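Reader: Hi! Could you walk me through this one? I'd like to start with the sheet.

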Amino acid sequence: IKLKLGKERLFDEDLKRPLPFFPRRVGVVTSPNGAAFHDILNVLARRTKTVHITLIPTRVQGEYAGEEIEAAIKLANEHNKKSNEKFDVLIVGRGGGSSEDLWAFNEERVARAIRASAIPVISAVGHEIDFTIADFVADRRAPTPSAAAEIVAESEESLQYFIRQLKQDLFQIINYKT
């Protein structure tokens, strides 16, 4: 599958879209029962104040998981066509497991859904050492679901730090002048 999709250029860097600088609404395509969603929520709650998260529930392993992941990605894109509250980015993934557990993210249908998505996609499958076809086709790969949340929050966190520094500098200037 990887060779076939590679020949079709689905992994080409020039197809990868930049992630939004300041995402406001994030769709998370994962299982509502797994730790991945809760990890994403925890990281975003700690690191950002403005990001709204919507779970798009799906199975992430088993016989029909690939089909459901594909449908969830398509559902998010359909939502964006009809709603004023659009997703800025999708996190598609699950926590770690055996290669069999992660297999749905190697399915051609999932890879094609990610590439066809009008919404930029962060693949967040498994742990640091796990790689799936979804990782290669996504706009950005995160080594874990928590890392995907950190990617989403990094601009806001950097901006908050910058504002704190400016505030501190301003207070120092005011104290110096008085």
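Author: Happy to. One term before the strands: two strands count as paired if DSSP finds at least two bridges between them. Strand E4 (residues 121–125) and E5 run parallel and are joined by 2 bridges. Please keep in mind that this is a predicted model.

Reader: Thanks. Which residue stands opposite Arg-141 in E5?

Author: That's Ser-123.

Reader: And what is the strand order in the sheet?

Author: The order is E2-E1-E3-E4-E5, in an open sheet of 5 strands with parallel pairing.

Reader: Which strands stand at the edges?

Author: Strand E2 (52–57) and strand E5 (140–141). Each has a single partner strand, so one side of each is left without a neighbour in the sheet.

Reader: Let's zoom out. How many helices and strands are there in the protein chain?

Author: The chain has 6 helices and 5 strands. Read from the N terminus, the elements go α-β-α-β-α-β-α-β-α-β-α.

Reader: What does the C-alpha trace span, and how much of the chain counts as buried?

Author: Along its principal axes the trace spans about 70 × 35 × 35 Å. Of the 178 residues, 44% count as buried. The chain exposes about 10000 Å², with carbon and sulfur atoms supplying 56% of that. As for contacts with a separation of 6 or more, 70% come from residues 24 or more positions apart.

Reader: Back to the helices. Which strands does helix H3 lie across?

Author: H3 (residues 65–82) lies across E1, E2 and strand E3 (89–94). Its angle to E3 is about 165°.

Reader: And H4, which of its residues are buried?

Author: In helix H4 (residues 108–116) the buried ones are Val-110, Ala-111, Ala-113, Ile-114 and Arg-115. They pack against H1, H3, E4 and H5.

Reader: Are Glu-108 and Arg-112 buried, partly exposed or exposed?

Author: Both fall in the middle class: Glu-108 is partly exposed at 23% relative accessibility, and Arg-112 is partly exposed at 32%.

Reader: Which salt bridges link distant parts of the chain?

Author: Let me give you two. The side chains of Glu-85 and Arg-25 meet at 3.6 Å, N to O. Glu-85 is in the loop between H3 and E3, while Arg-25 is in strand E1, 60 residues apart. The other joins the side chains of Glu-150 and Arg-47 at 3.8 Å, N to O. Here Glu-150 sits in helix H6 and Arg-47 in helix H2 (residues 35–47), 103 residues apart.

Reader: And those arginines, buried or exposed?

Author: Arg-25 is buried, with a relative accessible area of 19%, and Arg-47 is buried at 18%. The cut-off for buried is under 20%.

Reader: New topic: which residues form a nonpolar patch on the surface?

Author: Leu-159, Phe-162, Ile-163 and Leu-166 do, with about 370 Å² of accessible area together. Phe-162 belongs to helix H6 (residues 145–177) and is partly exposed at 47% relative accessibility.

Reader: I also spotted Phe-131. Where is that one found?

Author: Phe-131 is in the loop between E4 and helix H5 (133–137). With a relative accessible area of 49%, it is partly exposed. Leaving aside residues up to four places away in sequence, Phe-131 touches Phe-136 and Arg-141.

Reader: Last one: what is the phi of Arg-9?

Author: It's positive, about 70°, although Arg-9 is not a glycine. Arg-9 is found in the loop between helix H1 (2–7) and strand E1 (25–30), and counts as partly exposed at 47% relative accessibility.

Reader: Great, thanks for the tour!

Technical notes. Residues are numbered from 1 along each chain as its sequence is written. This is a predicted model: local features need pLDDT of at least 70, side-chain atom pairs count only at pLDDT 80 or more; totals for chains, interfaces and linings use all residues. Side-chain values use heavy atoms; hydrogens and water are left out. Helices (H or I, at least four residues) and strands (E, at least two) are DSSP runs, numbered from the N terminus. Buried means under 20% relative accessible area, exposed over 50%, partly exposed in between (1.4 Å probe, protein chains only). Patches are made of residues with over 30% relative accessible area and no salt bridge: like charges are joined within 9 Å, nonpolar side chains (Val, Leu, Ile, Met, Phe, Trp, Tyr) within 5 Å. Accessible areas come from the Shrake-Rupley method with a 1.4 Å probe; for residues, only the protein chains shown count as cover. A salt bridge is a side-chain nitrogen of Lys or Arg within 4 Å of a carboxyl oxygen of Asp or Glu. Contact means heavy atoms within 4.5 Å. Axes are lines fitted to C-alpha atoms, for helices over the stretch in contact, and angles run from 0 to 180 degrees between N-to-C directions.
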